[in-house]
There are 2 protein chains.
Amino acid sequence: MGTRKLTLGLDYGTNSVRTVLVDVANGEELATSIHEFETGEAGIILDPADHNLARQKPSDYLKGVQVTVKEVVAEAKNADKDFDTSQIIGIGIDTTGSTPLPVDKNGTPLSMLGEFKDNPNAQAWLWKDHTGHAEAAEITELAKKEHPEYLAKCGGTYSSEWFFSKILHCLRVDPKVFDAAYTWIEHADYMPAVLTGTTKPQTIKRCRCAAGHKAMFNNDWGGYPAKDFLAKLDPKLGQLRDTLSDNTYAIDQRAGDLTKDWAAKLGLKAGIPVAMGAFDAHLGGVGSGISTGKLVKIIGTSTCDMAVWPADKELADIPGICGIVDGSILPGFWGLEAGQSAVGDIFNWFVNYIQPGGSANGSHEALTEKAARLKPGQSGLLALDWNNGNRTILVDQRLTGLLLGQTLHTTPEEIYHALIEATAFGALTIINRFEEYGVKISEVINCGGITEKNPLLMQIYADVLGREMKIARSPQSCAVGSAIAGAVVAGKKAGGYDNFADAQAAMCGVKERTYKPNPESNKVYQQLYSLYKQLHDAFGLESFSGKMANVMKQLLDVKDKANR
Amino acid sequence: MGTRKLTLGLDYGTNSVRTVLVDVANGEELATSIHEFETGEAGIILDPADHNLARQKPSDYLKGVQVTVKEVVAEAKNADKDFDTSQIIGIGIDTTGSTPLPVDKNGTPLSMLGEFKDNPNAQAWLWKDHTGHAEAAEITELAKKEHPEYLAKCGGTYSSEWFFSKILHCLRVDPKVFDAAYTWIEHADYMPAVLTGTTKPQTIKRCRCAAGHKAMFNNDWGGYPAKDFLAKLDPKLGQLRDTLSDNTYAIDQRAGDLTKDWAAKLGLKAGIPVAMGAFDAHLGGVGSGISTGKLVKIIGTSTCDMAVWPADKELADIPGICGIVDGSILPGFWGLEAGQSAVGDIFNWFVNYIQPGGSANGSHEALTEKAARLKPGQSGLLALDWNNGNRTILVDQRLTGLLLGQTLHTTPEEIYHALIEATAFGALTIINRFEEYGVKISEVINCGGITEKNPLLMQIYADVLGREMKIARSPQSCAVGSAIAGAVVAGKKAGGYDNFADAQAAMCGVKERTYKPNPESNKVYQQLYSLYKQLHDAFGLESFSGKMANVMKQLLDVKDKANR
């Protein structure tokens with residue numbers, strides 16, 4: 001046991017941080033600790049007057065790493081008397097994103113300075129903050145006109161959730177905060193920088209993942225967007241461009257080594273290499289064993305669907321795929337990110353808002369049990385999975401749900417079944433889009449709570465996709481992915497690995513139970529999918545000859561007006 | 001009080017018969033009696049093995065008239081010592097239809113003969129019996145080929161609910177019954193014939209209403225369909241044609257006078273004139289005050305929408321209007337019948353099948369109360385009212401419901417509101433179709449329980465239709481319509497009326513409370529209606545360029561196959 005080598009994986013989610021201690025030899029998880037963020041509601045600072053606002057306190061992030069690392073170390077010591085912190089050879093970190101925060105010349109978050117302590121604009125702007133929606137539209141419009149290439153890699157529309165929308169919005173609504181900030185950094189960059197003492201804006205390394213997917217970074221045009229482009233949005237945004245380095249780094253690069261100071265705070269040895277950060281979903285892909293041909297689906301309230309493709313092979317721009325970034329998931333590969341805006345959220349809506357079936361029969365469990373008795377096609381129902389818009393492949397938030405085929409005898413479980421099918425059809429549409437552009441998907445690995453809890457959903461997915469559904473071995477695959485990054489930056493010499501392929505081969509796996517497609521069900525679903533696709537194109541594509549695309553938009557216009 | 005003149009209105013519904021005693025001077029209802037039919041389930045003989053089957057025992061009809069007439073006479077005597085049966089100057093009768101029954105040479109229903117007593121095929125085939133669906137398709141196909149004019153007046157499709165579909169089906173499945181029948185007569189013809197002793201097939205008068213709407217009767221082609229046409233369906237059906245007279249009669253004609261025998265059974269004076277029968281909805285139109293320009297809507301689980309048009313004025317075939325028959329509602333007028341296949345049934349489906357809102361919030365009352373707080377357009381939802389197919393104007397049972405615009409926050413009351421709106425849009429589509437073909441609708445009179453119980457629905461209808469919604473004064477307007485027919489066949493000399501205009505002016509009315517359209521709501525609904533119409537045409541019309549018409553049909557094909 002003296003030769004055992006371990007790494008720490010830190011996974012910053014929306015409401016909490018999770019830290020796992022992993023054996024690099026086999027991926028075994030020795031200890032886990034979770035810490036809920038303390039500020040605001042479930043760790044999020046909200047504004048009752050503006051439901052678009054969602055911020056977090058950077059100090060919560062620092063407390064989280066201290067609490068959880070100390071806990072896993074204590075747990076490991078308790079469980080195994082041979083454990084020693086010198087066995088920990090690397091640290092990896094993932095966070096949500098785009099979650100940028102303003103920092104001063106020393107790299108100190110403005111929120112840690114007295115003046116701005118309680119100013120929400122000086123905190124971290126959480127990924128789901130949508131206050132910058134007007135600025136997002138402005139950026140999209142200008143890019144369409146002047147630099148369409150900027151948008152080609154991010155699905156054609158710049159989102160309100162992303163880096164520059166948030167910064168530009170801050171500039172507009174709180175210039176004092178903007179002026180006090182030397183620059184803005186992503187949460188994913190901040191954490192490794194803190195642990196390695198490299199927060200100074202002049203020395204900080206920014207990760208490829210956040211820059212490429214959320215800030216239009218691409219080596220083809222020299223990194224971040226051109227200064228004059230940003231200056232047209234606002235001269236001060238142009239000046240900010242000077243603080244953004246032309247280099248970004250993938251997760252095989254080390255951010256630095258654990259400082260003495262932080263080693264003491266965490267109860268670890270100083271000098272442990274810390275990997276560059278990345279987004280949670282992407283390291284979830286790594287932790288689930290992503291590689292060429294293997295699609296990883298993280299299924300929760302929404303989904304993130306990830307694929308990689310060798311960087312030295314040709315790859316077209318794939319319309320509607322939100323992000324295609326060199327090295328964003330794995331170094332040496334294009335990282336492709338797609339997703340569905342709502343999956344579990346649609347089932348939750350039906351159960352929590354519609355509350356069907358009287359009092360006793362409307363739970364997920366009761367509906368699933370009854371729905372499981374239905375054969376494909378038996379209900380005569382067909383739904384579109386757009387209750388929260390469509391991220392991939394239509395990239396359109398102003399789309400809404402549709403349910404069709406109701407009779408006077410349609411039951412709640414039939415609707416529940418149809419909603420699951422709709423999300424499966426949405427999933428197939430993403431895979432088909434990948435394959436149409438040459439990214440062949442030969443294997444699908446799923447992770448997320450719903451994949452372990454709902455066999456009916458997994459079987460419907462297998463039947464609709466016509467593919468075996470596998471489930472990642474670890475339910476905390478994001479944290480495992482971070483631990484893998486820690487093992488790679490440690491390197492083989494130190495007992496880790498020199499590349500991700502080797503690390504994943506040793507540290508990842510899938511569960512024994514998989515879901516195989518039933519050929520007969522698949523045949524029925526092929527028919528239903530062609531009808532789904534017809535509705536999808538009719539209501540989703542402006543170019544569709546049937547011209548139904550106006551219906552949902554005009555309804556939303558009427559709704560907006562009525563609610564004014 | 002000695003000069004008071006009264007008439008009896010008999011209203012045979014699906015489960016019971018209702019008799020009212022009405023003052024011809026002002027339409028006041030002096031007494032009412034209801035008798036539930038005794039055979040089968042709620043008066044209907046069902047077959048657990050064939051949900052299409054629905055029959056009734058003719059003897060139940062005879063018991064019903066005896067019980068109810070005696071009861072209203074007793075009630076009137078109790079309430080008013082001056083009442084005398086000699087004040088009753090006429091009788092009118094309405095029934096469901098098409099509800100044909102086989103009779104022998106003497107006009108005796110086969111079911112009253114020992115041999116066939118318990119044979120369901122020898123009973124009255126209730127309007128909602130669908131056992132003849134294959135025969136209906138056969139008749140439609142042959143008529144399309146050889147006599148398209150037969151279908152032009154009945155919406156383009158011959159229904160399984162109608163006269164010849166039922167008779168031909170009996171011929172196919174139970175030739176013994178068919179062979180034993182001399183002819184088949186409608187319930188609406190049978191009742192007046194019984195009371196006036198004219199049941200013999202050689203003497204019986206058949207009503208224009210049933211013949212024209214359900215048996216392709218039209219003077220343009222010499223009455224009922226040609227013998228050779230029927231013979232092509234089956235030679236025996238051709239022979240039956242010889243038993244169908246070339247004359248039919250409107251409700252201003254008397255079937256005959258009450259026989260001594262039946263007068264004794266009912267406790268009435270012999271010799272009272274009895275009007276020709278007609279269908280319940282049509283006499284409901286009469287009882288609600290129908291006349292040129294006045295649309296009468298009977299709103300229940302489904303609707304019947306009726307209009308009349310002077311028979312001497314030109315009137316085109318109106319596509320999708322199920323029946324256009326000279327004299328079927330009022331003598332001297334074209335009777336136009338349209339309808340929605342489900343209205344109240346859609347709300348019942350949502351409440352009883354979906355059971356939304358947990359245990360306490362899913363009743364009609366609770367949903368209505370919350371829905372009443374919503375502004376038009378506020379929910380962003382739009383629905384099609386096709387859960388039970390579409391009768392007018394698409395004449396297509398193989399259409400299904402659609403709900404569009406759901407988000408992750410859509411509530412049950414929003415859906416309930418959208419379902420009411422959808423039925424209002426369906427109602428507007430019918431009115432628009434009438435008007436497109438020159439039948440101007442200047443007034444809308446509603447009747448049916450829902451019109452008195454649900455002010456929200458009535459206001460939405462006013463706002464969507466952009467017209468004042470009036471409600472017929474009497475909730476039993478079918479029976480009142482029959483009483484009006486009784487007053488007209490009595491004639492002015494006897495204290496009644498010589499025409500329907502005079503009788504309706506005296507005996508009909510509307511309630512004081514009406515619903516006026518809110519101009520702002522109407523403006524929003526005009527926008528929503530244009531979207532409804534877009535969905536309606538896209539999914540309902542084969543000719544629509546967007547070609548969505550296949551979606552619901554193919555889904556039903558898949559469903560049928562899955563359920564096999």
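Analyst: A salt bridge here is a side-chain nitrogen of Lys or Arg within 4 Å of a carboxyl oxygen of Asp or Glu. The model is predicted, so local features need pLDDT of at least 70 and side-chain atom pairs count only at pLDDT 80 or more, while totals for chains, interfaces and linings use all residues. Residues are numbered from 1 along each chain as its sequence is written, chains are lettered from A and ligands numbered from 1 in the order in which they are written, and side-chain values use heavy atoms, without hydrogens and water.

Over all chains, the search finds 49 salt bridges. One of them joins B:Asp396 and B:Lys553, at 2.8 Å from N to O. B:Asp396 lies in the loop between strand S17 (382–384) and S18 of chain B, and B:Lys553 in helix H20 of chain B, so the pair ties together parts 157 residues apart in sequence. Helices (H or I, at least four residues) and strands (E, at least two) are DSSP runs, numbered from the N terminus. Both B:Asp396 and B:Lys553 are buried; buried means under 20% relative accessible area, exposed over 50%, and partly exposed in between (1.4 Å probe, protein chains only). In chain A, salt bridges with shared partners join A:Asp396, A:Glu542 and A:Lys553 into one network.

Another pair is A:Lys227 with A:Asp242, whose closest N and O atoms are 2.9 Å apart. A:Lys227 lies in helix H8 (residues 227–233) and A:Asp242 in the loop between helix H9 (235–240) and strand S11 (248–249), so this pair links parts 15 residues apart in sequence. A:Lys227 is partly exposed at 39%, and A:Asp242 is exposed at 54%.

A:Asp82 pairs with A:Lys81, with 3.8 Å between the closest N and O atoms. A:Asp82 is partly exposed at 40%, and A:Lys81 is exposed at 77%.

Now the place where the chains meet. Between chain B and chain A the count of salt bridges is zero. Helix H12 (344–354), strand S18 (401–406), helix H14 (412–436), helix H19 (519–540) and helix H20 (550–563) of chain B each supply at least two residues of the side that touches chain A. H20(B) gives the most, with nine residues. In all, 57 residues of chain B are in contact with 58 residues of chain A, where contact means heavy atoms within 4.5 Å.
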